[in-house]
Amino acid sequence: MAAFTSLLTNQSELNLDDIFALAFKLHRDAQGGVGSGVDIAASVYGGFLEFSPAGNSEALPTVHSLACPRDLHILPIFTGESAGTIDLVQQVYSFRDTEPKEYERLLEGLRELAAEGGTRFQSGDSQAFLRTVMDYSQGLEALGDASNAPIISAVHRQAKDAVSNLGGTYKISGAGGGDFGLAFFAEQDLFETAKS
C-alpha cells in the first residue's frame, strides 16, 4: 500500500496513519467487514502494538506502540495449517446471535484481560503478563467451546503443550483455528528449564 501510494502521489515520505487508514478500509471491504485489522496495523507500524478496535466497524482502531519487557522473549510459531478467518468468525457471530448474554459475558472477560495484558506488558512485569496471556488463552478456549468454533484447534493444543513443557506460555494469534501462535518465555523461566 505504501509503495502504491508513493507511486501515485510521487512522494517519498508517507504518513503511516494515512497508509493504515486506507489499508484498513480496503481490508474491511475485502473481508465483508469481518476481521479486526490488527494484522494490517502490524504490517504498517511494526514493533509491539496496543490495538483497540473501535465500537463502530467503520471507525479506525486506535494503535499505540509499546516497548517489550527486556526479559520477555516471543517466538511466532506457524502451525502448518491455514485457517479461514471469515468462516471461523461467522461461527462465533452465529453463537452471538443465538446466545447474546453468554457471548457478551465471554467477550467482556476477554476485553478485560486484553486491557490488563497491555498494562502488564507496558509496565515490564513479564510474569504478570504471562499469567494474563494464560488466562486470555483459556478465555478464547471457552469462547470456542461455547460457539462450537475450533478457535483452539488440535495443532494449537499440541503447540501449547510443547511450549508449556519448555516453561513458556502459548496463545493463538489472530482468529485461531490454525495459522500462527505465539510462544512467550520469560528469561527466568528459560534458565529454570535449562537447569532441569
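Modeller: The crossing of α2 and α3 is right-handed; a crossing has that hand if the near helix is turned clockwise from the far one by less than a right angle, and is left-handed if the turn is anticlockwise. This is a predicted model, in which local features need pLDDT of at least 70 and side-chain atom pairs count only at pLDDT 80 or more, while totals for chains, interfaces and linings use all residues. Residues are numbered from 1 along each chain as its sequence is written, and side-chain values use heavy atoms, with hydrogens and water left out. Helices (H or I, at least four residues) and strands (E, at least two) are DSSP runs, numbered from the N terminus.

The axes of α2 and helix α3 (residues 38-45) are 10 Å apart, and the two helices pack at an angle of about 150 degrees. That angle makes α2 roughly antiparallel to α3. Angles under 35 degrees count as roughly parallel, over 145 as roughly antiparallel, 65 to 115 as roughly perpendicular and the rest as oblique. The axes are lines fitted to C-alpha atoms, for helices over the stretch in contact, and the angles run from 0 to 180 degrees between N-to-C directions.

Helix α5 (residues 100-123) packs against helix α6 (residues 126-147) at an angle of about 160 degrees, the axes being 9 Å apart. α5 is therefore roughly antiparallel to α6. The crossing of α5 and α6 is left-handed.

Next come the charged side chains. The whole structure has eight salt bridges, each a side-chain nitrogen of Lys or Arg within 4 Å of a carboxyl oxygen of Asp or Glu. One of them joins Glu102 to Arg105, with the closest N and O atoms 2.7 Å apart. Both residues belong to helix α5 and sit three residues apart, about one turn of the helix. Glu102 is partly exposed because its relative accessibility is 29%, whereas Arg105, at 52%, is exposed.

Another salt bridge joins the side chains of Glu104 and Arg111, at 2.7 Å from N to O. Glu104 and Arg111 also belong to a network of salt bridges that includes Glu108. Glu104 has 36% relative accessibility and so counts as partly exposed; Arg111, with a relative accessible area of 41%, is partly exposed too.

A further salt bridge is formed by the side chains of Lys160 and Glu141, at 4.0 Å from N to O. This pair links distant parts of the chain, with Lys160 in helix α7 (residues 154-165) and Glu141 in helix α6, 19 residues apart. Lys160 is partly exposed, because its relative accessibility is 28%.

The loop between α6 and α7 holds Asn148. Although Asn148 is not a glycine, its phi is positive, at about 60 degrees. With 65% relative accessibility, Asn148 counts as exposed.

Back in helix α5 is Arg120, which is partly exposed because its relative accessible area is 26%. Arg120 and Ser52 are 68 residues apart in sequence, and their C-alpha atoms are 16 Å apart in space.

How values were computed:
Buried < 20%, exposed > 50% of the residue type's maximum accessible area, 1.4 Å probe, protein only.
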